[in-house]
Amino acid sequence: MSINLQSHVFAGNPLRSKTPKPGDSTSPNSAFETLKDYLLLENPNGNQSLLNFKVLPVRRGRPLASSLASADDSVPVWHLGWLSVADCKVFMGGSDARLTEDSFVYLGTESDADLVYWAIDVSSMSGSVSELGDRRFCFVELRTLMVATDWADSRMMQELAIAGHARALLEWHGISRFCGHCGEKTVPMEAGRRKRCSNESCKKRIYPRVDPVVIMLVIDKENDRALLSRQSRFVPRMWSCLAGFIEPGESLEEAVRRETWEETGVEVGEVVYHSSQPWPVGPNSMPCQLMVGFFAYAKSFDIQVDKEELEDAQWHSREDIKKALTFAEYEKAQRTLAAKVEQMCKGVEKGQSFSSDFNVESGELAPMFVPGPFAIAHHLISSWAHQVGVAAPSKQSNSISNL
């Protein structure tokens, strides 16, 4: 099974930040001034411009979502829980926290509409937003929404990208409350798109954090096989690509070679770029990783696993990997998690074993499977297995990618 996406999950965000221009009401600074004026008003009903503002509440990294039955009553469809600014005030009604302009972070605007989108962290707020009119809401883990997304639905993919952007920005705000240079508090600037140290003698500018990670499928071209690994945190039977963080002063290609050698003892020669994917579902201390994917061609083949990093690493034939891609019922996992989101929004949540979603049709467990189409690892593995867009290693030893 080969699944082709127009862009990776969490990429393809339809909201684009506009460069501030005089008279542009939807630019970050202009929209922020309108928002401040609205929040200061005691009777804001006359401010019609706020009708074009949409706000996404996020609690402890979990965006607000709602779930609706699909048109054919098969698989429920989730949507982000966008609220008006007035609804946010209602939500804050029972909370001790105060709603201020600094609570909001600018996400962007649609290119063909005067709609401005914001995110707000409500982790410290005690208000409930389970119901507004005929809509029912709940805060859902981003990973759950990720698996519950129908990858063929461009609207859902775009909403997931927006949710990832919102979570990454808000988590970054949470870990950058103090200046790393002088220790004083930081204050939001440019509608939350950056921060600045409040110390007048420092005024250090702080920008959203992105942590680059290389992820690579190591290929033994002569024997038509690929190197996959397991970590102890993986669900049973799952194998994936090698990956690691880039060190200071290191190129992407050097990071691929170093990480492969450190974790498996395999020496890599040529490194060929595949694609990249934003990954805002890591730990809170790293709000958004950027996964940079490569094919890496092995020069040695004996494996010596670093047990502190990996549980195991093995060469797998192309046929075995094709079987793993066939047996893994990714659509079943998507349907299961979509139903879970619906139950959560109804106030009923049942536990679900994620690994139980990957069974062969006979009911027996698949001997192995790889991450689903929401991960760049899947597309590296699938592209190689089905020979889609895989560049052959260069015959020129002095090529740029061999540096």
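**Salt bridges in their setting**

Modeller: E190 is partly exposed, with a relative accessibility of 32%. The model is a predicted one, and E190 makes a salt bridge there with R194, at 3.1 Å from N to O. R194, by contrast, is buried, at a relative accessible area of 7%.

R194 belongs to β9, where M189 stands opposite it. β9 covers residues 194–197 and pairs with β8 in the antiparallel sense, over 4 bridges. Both strands are part of an open sheet of 3 strands in the order β8-β9-β10, paired antiparallel. β8 (186–189) and β10 (205–206) have a single partner strand each and stand at the edges, so one side of each has no neighbour in the sheet.

In total there are 15 salt bridges in the structure. Another of them joins D224 to R318, with the closest N and O atoms 2.4 Å apart. D224 sits in the loop between β11 and β12 (225–230), while R318 is in helix α6 (residues 318–327), so this pair ties together parts that lie 94 residues apart in sequence. D224 is partly exposed, at 34% relative accessible area, and R318 is buried, at 10%.

A further pair is E259 and R258, whose side chains meet in a salt bridge at 3.1 Å, N to O. Both residues are buried. They also belong to a network of salt bridges that links E247, E250, R258, E259 and E262.

Among the buried residues are C138, at 10% relative accessible area, and C241, at 6%.

Next come the pockets. The largest has a volume of about 1100 Å³. It has 42 lining residues, and R143, R233, F234, M238 and W279 lie nearest its centre. Elements that each supply at least two residues of this lining include β11 (211–220), α5 (252–264) and β14 (268–279). The lining comprises 26 nonpolar, 10 polar and 6 charged residues.

The second largest pocket holds about 510 Å³ of space. It is lined by 20 residues, with D102, S103, D121, H173 and R177 closest to its centre. Two or more lining residues come from each of β4 (104–109), α4 (154–175) and β8. By class, 7 residues of this second lining are nonpolar, 8 polar and 5 charged.

How values were computed:
Residues numbered from 1 in each chain as written. Predicted model: local features only at pLDDT ≥ 70, side-chain atom pairs only at ≥ 80, totals over all residues. Heavy atoms only, no water. Buried < 20%, exposed > 50% of the residue type's maximum accessible area, 1.4 Å probe, protein only. Pairing = 2+ DSSP bridges. 1 Å grid on protein atoms, 1.4 Å probe; cavity = no way out; pocket = protein on both sides within 12 Å on 5 of 7 lines; lining within 4 Å. Points joined across faces, edges and corners; volume = space filled by probe spheres on them. Nonpolar A, V, L, I, M, F, W, Y, C, P; charged D, E, K, R; others polar. Salt bridge = Lys/Arg side-chain N within 4 Å of Asp/Glu carboxyl O.
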